[in-house]
Amino acid sequence: METAVIWENAVEEASGLPVPIAEIISKSSLGAPKLLMAVAEHKVPLEGEGGASQCDVWALLGTDVGSVSLSVEAKARESFGKNNESLSTWLQGGTSKRSPENRRGRWEDIQRYLPQGDYDNVPYQILHRCAAGVIEADRFGLKNAVFLVQSFGAPDSSFEMYSLFMNALNLPAEKNKLYFSEVGIEDRTIRLGVGWVDCPFASDSQMARCL
């Protein structure tokens, strides 16, 4: 609900984006962002059997350096997947004899859309949600992608999970700042920005406008 309200109310902003998201992007090397389109609960297909990666919001942005694919994972009190399930635990899960092979194949495909890193202890949900933004950048021929955790009072434990991901990327784990890495896909490179954004809860008037 909070995600829907803050994005709905953002139509009144010059950027078309929630203020905290516009700020974290504009303060980066991407420059001033402008929302071109946004899709709620956007599904990005992944290889192998199983469901797609469903972004809470996927958006196409215009920036000073060109169009950007933005994937957003919104978080309040819930964990990153069931009990913050790590990649190593997820790879060993499943209910059929085909599960290990299918999951290994799925991970190999996801891994193509992430920077090199040791992700064993990182929540699997963070990994495929970040990859989803890069997959869409690749699909549309874009040079830049951004993955944001949009936090609505998320607990310290969630930021600790996010920090595991940033550590795997060899990037600082800092709130409200975008840090960059690179993803090499075949013969080209996609620049990937990653950030954690603290967002306020909606006021009664903001909530009422969306009802």
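**Burial and aromatic pairs in a predicted model**

Trainee: Why does the radius of gyration of the protein agree with a compact globule?

Mentor: The rule is 2.2 Å times the number of residues to the power 0.38, taken over C-alpha atoms. For 211 residues that gives near 17 Å; the protein has 17 Å, so the two agree.

Trainee: How many aromatic pairs does a search of the whole structure find?

Mentor: The search finds 9. Rings of Phe, Tyr and Trp (its six-membered ring) pair if their centres lie within 6.5 Å; planes under 30 degrees apart are stacked, over 60 edge-to-face, the rest tilted.

Trainee: Why is the pair F147 and F165 called edge-to-face?

Mentor: The centres are 6.3 Å apart and the planes at 80°, so the pair is edge-to-face.

Trainee: What makes this pair a tie between parts of the sequence?

Mentor: F147 lies in strand β4 (residues 144–151) and F165 in helix α6 (residues 156–168), so the pair ties together parts 18 residues apart. Helices (H or I, at least four residues) and strands (E, at least two) are DSSP runs, numbered from the N terminus. Both F147 and F165 are buried.

Trainee: What is the pair of F159 and Y162 called?

Mentor: Tilted: 5.7 Å centre to centre, 35° between the planes. F159 and Y162 both lie in helix α6, 3 residues apart.

Conventions: Residues numbered from 1 in each chain as written. Predicted model: local features only at pLDDT ≥ 70, side-chain atom pairs only at ≥ 80, totals over all residues. Heavy atoms only, no water. Buried < 20%, exposed > 50% of the residue type's maximum accessible area, 1.4 Å probe, protein only.
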